[in-house]
Amino acid sequence: MSFSVPLSDLECDEKARVLAFTTGCDGVFRRQMMSMGVLPNSEVEVVRVAPLRDPIEIKVRNYRLVIRLSDARYIQVERL
């Protein structure tokens, strides 16, 4: 059984599956992420983490996104 964690908790080179967006996130952010391929059941991988852990670079659907750590907290994932 796996547990959901925020995307912000993952370390470099970790893979996960997107479960949902938390209730605290606004609709604009959710729509932006979904339009860039961050959808429920999609696989993401943390590619790089900045020295102070903000921002993080993720790989999703064969391209890379850089998102703020504060935004990554709204994305719930399960580690693979």
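Predicted model: local features only at pLDDT ≥ 70, side-chain atom pairs only at ≥ 80, totals over all residues.

How many bridges pair S2 with strand S3, and in which sense, parallel or antiparallel? I looked it up: S2 and S3 (residues 43-49) pair over three bridges in the antiparallel sense.

I zoomed out to get the strand order. The sheet is open, has six strands, and reads S1-S6-S2-S3-S4-S5, with antiparallel pairing. At the edges I found strand S1 (4-6) and strand S5 (63-67), each of which pairs on one side only. Reminder from class: strands of a sheet pair through backbone hydrogen bonds, either parallel or antiparallel.

**Entry: who faces whom**

I started with S1 and strand S6 (residues 75-79), which run antiparallel and are joined by three bridges. Here Val 5 sits opposite Val 77 in S6. Then I went to S2 and S6, which pair in the antiparallel sense over five bridges. In that pair, I saw Ala 16 opposite Arg 79 in S6. On the S3 side, Lys 15 stands opposite Glu 45.

**Entry: the helix**

What does helix H1 touch on the sheet? I found that H1 (residues 27-35) packs on the sheet and touches strand S2 (15-21), S5 and S6. The direction of H1 makes about 140 degrees with that of S2.

**Entry: salt bridges**

I got six salt bridges for the structure. I picked out Arg 79 and Glu 14, whose side chains meet at 2.7 Å, N to O. This pair links distant parts of the chain: Arg 79 is in strand S6, Glu 14 is in the loop between S1 and S2, and they are 65 residues apart.

**Entry: a network**

Next I followed Glu 57. Its side chain meets that of Arg 48 in a salt bridge of 2.9 Å, N to O. Arg 64 forms a salt bridge with Glu 57 too, with the closest N and O atoms 3.3 Å apart. That gives a network of salt bridges linking Arg 48, Glu 57 and Arg 64. I checked accessibility as well: Glu 57 has a relative accessible area of 9%, so it counts as buried, whereas Arg 48 counts as exposed because its value is 53%.

Terms used: Residues numbered from 1 in each chain as written. Heavy atoms only, no water. Pairing = 2+ DSSP bridges. Helix = DSSP H or I, 4+ residues; strand = E, 2+ residues; numbered from the N terminus. Contact = heavy atoms within 4.5 Å. Axes fitted to C-alpha atoms, helices over the stretch in contact; angles between N-to-C directions. Salt bridge = Lys/Arg side-chain N within 4 Å of Asp/Glu carboxyl O. Buried < 20%, exposed > 50% of the residue type's maximum accessible area, 1.4 Å probe, protein only.
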